[in-house]
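The following note collects several points on the structure for the attention of a colleague.

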Amino acid sequence: MSETRKGIPPISGCLMGLMTLAALTWACASPSGPDLTSRQKQVEARIAEAGLEDDPRVEAARSRLEAALEREHDRVLLDSVELRAAAVNEEETKMDALVRVPIGNALSLSAEREARRAGSRVALAELSEAMIKSRANLCMPSLEYEARIEARKIFSEYAKQNRSLLKWNEELRQSGSVNEMDWSVFKLSNRIRLENRSVPETDVPLAVFGLEQPFGVLPTIDHDGSLLDSSFGVLREKVLVYQPEVEVHKAKEERYQAMAKGEAMKRLPSIRFVDFGFEPVPYPGQEREYSARVAFEIPFGREAGARKKRYEALARAEVNGQRMVLDDQVKTAKVAIDEVNVFRAKAQDWKDLLQLADATEKVAADWWRNRRAKPEEIAKLLDTVYSARVTVLQARKRAGNAVCTLLSATGIFITDW
């Protein structure tokens, strides 16, 4: 009984030490901070707003983020305890037991945790980047769809008028007011113009691209002509805030810096393990024996030093990568926003051109109704009207293409500018 009581304090101390180490381990495995959680919710809200919850690119990035978050917990200070016992045979009844507690490098563990949390920030930025890429990829199909609808409206009216002219030309031939050659030339040229300008009635459904309705990126001419701020300072600020590709490089830089810091810590002496030894079955009449020892590792640091320099070089590469992305996207955004501003600056010109086309169409209708001109003369006038309307539509489409480019470069729609 006395031997048992004598064994209680060391064993209790051993258990207390294990509990303390376990508590430290739990602290080291703490989850990501509230800032990352808040940003993750914001990104998911934007994904839901864009209707991209089931987008495969977004789903893949979301899974990588989940893996990165879980990876934060796969490196802890204490994750196992090693139990050792000596063999007992017929001639030797004494048995020694040993509890070995392997301890990770506490100095480098904090830096490794910082690196893995930075890795989670990389994955979150890549999730946001995936959402932007998917939206940008859907922007052009939406623009084409919207422009095709507008082109079809313009062509539909033009084709209706030309079919009526063909009918009038046929009536003139039957009445003998036009000879066979003029009738043939007009009919053939009219059909050629219709075929060259025809707009297909079928469209690729937006559902094929995962869209329920178009984005509405085809600009209208119904605005006051106010221009967007295209200064480099504003563009850099927008790209820094909203373009996740920049954040990806920044988070990777922080990860490599933390990894370099961890390698620097590995060059310092550290505890490898702590042993707690005791004798569960002592000789009769003898007191139980206890022992404890600790092992230190004193590294030369050559490998860690090389890895530290490598990570520092990779961190510098990410800094330059961030600069490159920022410069490229600012230049791209500058070109796109200037294109939008050119369109907006000519807003009144576009309005005047369409008004003039409407007025010319009325003149053509009046001369047609009163038979004051020949069918080919009316057709030429209607061709001019058609060209004016298509010219405005093409200008709108160029501006819409710039809007999609701006979305890809900055990460935001022009309506949020």
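This is a predicted model: local features need pLDDT of at least 70, side-chain atom pairs count only at pLDDT 80 or more; totals for chains, interfaces and linings use all residues.

1. The contact of H3 with H4.

2. Geometry of the pair. Helix H3 spans residues 56–71, and its axis comes within 8 Å of that of H4, with a crossing angle of roughly 175°. Angles over 145 degrees count as roughly antiparallel, and H3 is therefore roughly antiparallel to H4.

3. The disulfide. The structure holds one disulfide, in which Cys139 is joined to Cys404 at an S to S distance of 2.0 Å. The angle about the S-S bond is -80°, and the link of Cys139 and Cys404 is left-handed. Cys139 belongs to helix H4 (residues 106–175) and Cys404 to helix H10 (residues 375–410), so the pair ties together parts that lie 265 residues apart in sequence. In general terms, such a link is a covalent bond between the sulfur atoms of two cysteines.

4. Burial of the two cysteines. Are these residues buried or exposed? Cys139 has a relative accessible area of 0% and is buried. Cys404, at 5% relative accessibility, also counts as buried.

5. Thr360. This residue lies in helix H9, which covers residues 347–369. With neighbours within four places in sequence left aside, Thr360 is in contact with Leu381 and Val385.

6. Overall architecture. The chain contains 10 helices and four strands. Read from the N terminus, the order of elements is α-α-α-β-β-α-α-α-α-β-β-α-α-α. Among contacts between residues at least 6 apart in sequence, 84% join residues at least 24 apart.

7. Surface and burial of the chain. The chain has 417 residues, of which 39% count as buried. Its accessible surface comes to about 24,000 Å², and carbon and sulfur atoms account for 54% of that area.

Methods: Residues are numbered from 1 along each chain as its sequence is written. Side-chain values use heavy atoms; hydrogens and water are left out. Helices (H or I, at least four residues) and strands (E, at least two) are DSSP runs, numbered from the N terminus. Buried means under 20% relative accessible area, exposed over 50%, partly exposed in between (1.4 Å probe, protein chains only). Contact means heavy atoms within 4.5 Å. Accessible areas come from the Shrake-Rupley method with a 1.4 Å probe; for residues, only the protein chains shown count as cover. A disulfide is a pair of cysteine sulfur atoms within 2.5 Å. Axes are lines fitted to C-alpha atoms, for helices over the stretch in contact, and angles run from 0 to 180 degrees between N-to-C directions. Angles under 35 degrees count as roughly parallel, over 145 as roughly antiparallel, 65 to 115 as roughly perpendicular and the rest as oblique.
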